[in-house]
Amino acid sequence: MFSLIIGSVLGLTQFRIKRLFAYSTISHVGFILLALSVNSSESIQSYLFYILQYSLSNLNAFVILVTIGYSFYLYTRNDRKQISEDDKEIFIDRNNSPVQLINQIKGYFHINPFISISLAITIFSFVGIPPILGFFAKQMILSAALDNGFIFMSLIAILTSVIGAAYYLNLIKQMFFYNSDYKLNTLTSSINIVGYVIPTTLFSKKNKDVNEKLINLKPENITVNSALSSTISVITLLLVLFIYIPEE
């Protein structure tokens, strides 16, 4: 009960995005402990399923935060002169993690809509919005708790989920319903990376007359690398498509 309440209520006061996820984890641990407290075959199955889905969702959330951090290296804030004293500390930790505060992702949908949608789906999984994977995990635990007479704890779990949804949906609001505080760094306008494309069919030691194609890469051509994009894509699809392949 205390895990559910403390994780949900204290999460409302956070302005640092990773601390918000930390208090969110405390709240989710409350659901896990509820499943263990019920101690039935159904609750143990729901306990294992909840850990699996939450691990996937949490992994996706942090990979997305890392990806957002990388994308910020091409941008500067429009309002840098107007940043408050409390916000200035984000620049101290910039080399460690570019994304520190919730307001840093404000308007990020206008920078990268695909990453924003993936993060929104992950957040919906945390909240328990159907038909995302997280909904079924919470449903299984609440069903097991109600079947075994844990009515009061089920009510606490439902109420704290609603409270927790407030700070999760604040992230959605910041990303989608505000204009971005970022603009492309003027220093990147001078970047001009020259690349050569060599057709693989012509790449041979015997064939020296290779048709090379010159490509000039601009900042707008720089995208997320395949390791990050593949991880985000696969996990996001798992969260969304679970309802179609629950047996897997």
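Visitor: Is R19 buried, partly exposed or exposed, and what decides the class?

Guide: This is a predicted model. The general idea is that a relative accessible area under 20% counts as buried and over 50% as exposed, with partly exposed in between. R19 has a relative accessible area of 48%, so R19 is partly exposed. The residue belongs to helix α2.

Visitor: How do the axes of helix α2 and helix α3 cross?

Guide: For a pair of helices, one reads the approach of the axes and the angle between their N-to-C directions. Helix α2 spans residues 17-38 and helix α3 residues 41-71; their axes come within 9 Å, with a crossing angle of roughly 170°. Because angles over 145 degrees count as roughly antiparallel, α2 is roughly antiparallel to α3. Among the residues that meet, α2 supplies F21, H28, F31 and L36, while α3 supplies Y47, Y50, Y54 and F62.

Visitor: Which peptide bond is cis?

Guide: Most peptide bonds are trans. The bond from P130 to P131 is cis, its omega being near 0°. P131 sits in the loop that joins α5 (113-127) to α6 (133-147).

Visitor: Is Q53 buried or exposed, and with which residues is Q53 in contact beyond its neighbours in sequence?

Guide: Q53, in helix α3, counts as buried because its relative accessibility is 2%, under the 20% cut-off. Leaving aside neighbours within four places in sequence, Q53 is in contact with S125, L133, G134 and A137. The C-alpha atoms of Q53 and L239 are separated by 8.1 Å, although these residues are 186 apart along the chain.

Visitor: Which residues form the nonpolar patch on the surface?

Guide: In such a patch, nonpolar side chains are joined within 5 Å, and each residue has over 30% relative accessible area. Here the patch consists of M1, F2, I5, I6, V9, L10, L12, I26, F152 and I163, and together they have about 860 Å² of accessible area. Both α1 (2-11) and α7 (151-176) supply at least two residues, and α1 gives the most, with five. M1 lies in the segment before α1; its relative accessibility is 40%, so M1 counts as partly exposed.

Visitor: How many helices and strands does the chain have, and in what order do they run?

Guide: There are eight helices and four strands. From the N terminus, the order is α-α-α-β-α-α-α-α-β-β-β-α.

Visitor: What share of the residues counts as buried, and what share of the contacts joins residues at least 24 apart?

Guide: The chain has 248 residues, of which 42% count as buried. Among contacts between residues at least 6 apart in sequence, 75% join residues at least 24 apart. The chain exposes about 14200 Å², and carbon and sulfur atoms supply 63% of that area.

Conventions:
Residues are numbered from 1 along each chain as its sequence is written. This is a predicted model: local features need pLDDT of at least 70, side-chain atom pairs count only at pLDDT 80 or more; totals for chains, interfaces and linings use all residues. Side-chain values use heavy atoms; hydrogens and water are left out. Patches are made of residues with over 30% relative accessible area and no salt bridge: like charges are joined within 9 Å, nonpolar side chains (Val, Leu, Ile, Met, Phe, Trp, Tyr) within 5 Å. Accessible areas come from the Shrake-Rupley method with a 1.4 Å probe; for residues, only the protein chains shown count as cover. A salt bridge is a side-chain nitrogen of Lys or Arg within 4 Å of a carboxyl oxygen of Asp or Glu. Buried means under 20% relative accessible area, exposed over 50%, partly exposed in between (1.4 Å probe, protein chains only). Axes are lines fitted to C-alpha atoms, for helices over the stretch in contact, and angles run from 0 to 180 degrees between N-to-C directions. Angles under 35 degrees count as roughly parallel, over 145 as roughly antiparallel, 65 to 115 as roughly perpendicular and the rest as oblique. Contact means heavy atoms within 4.5 Å.
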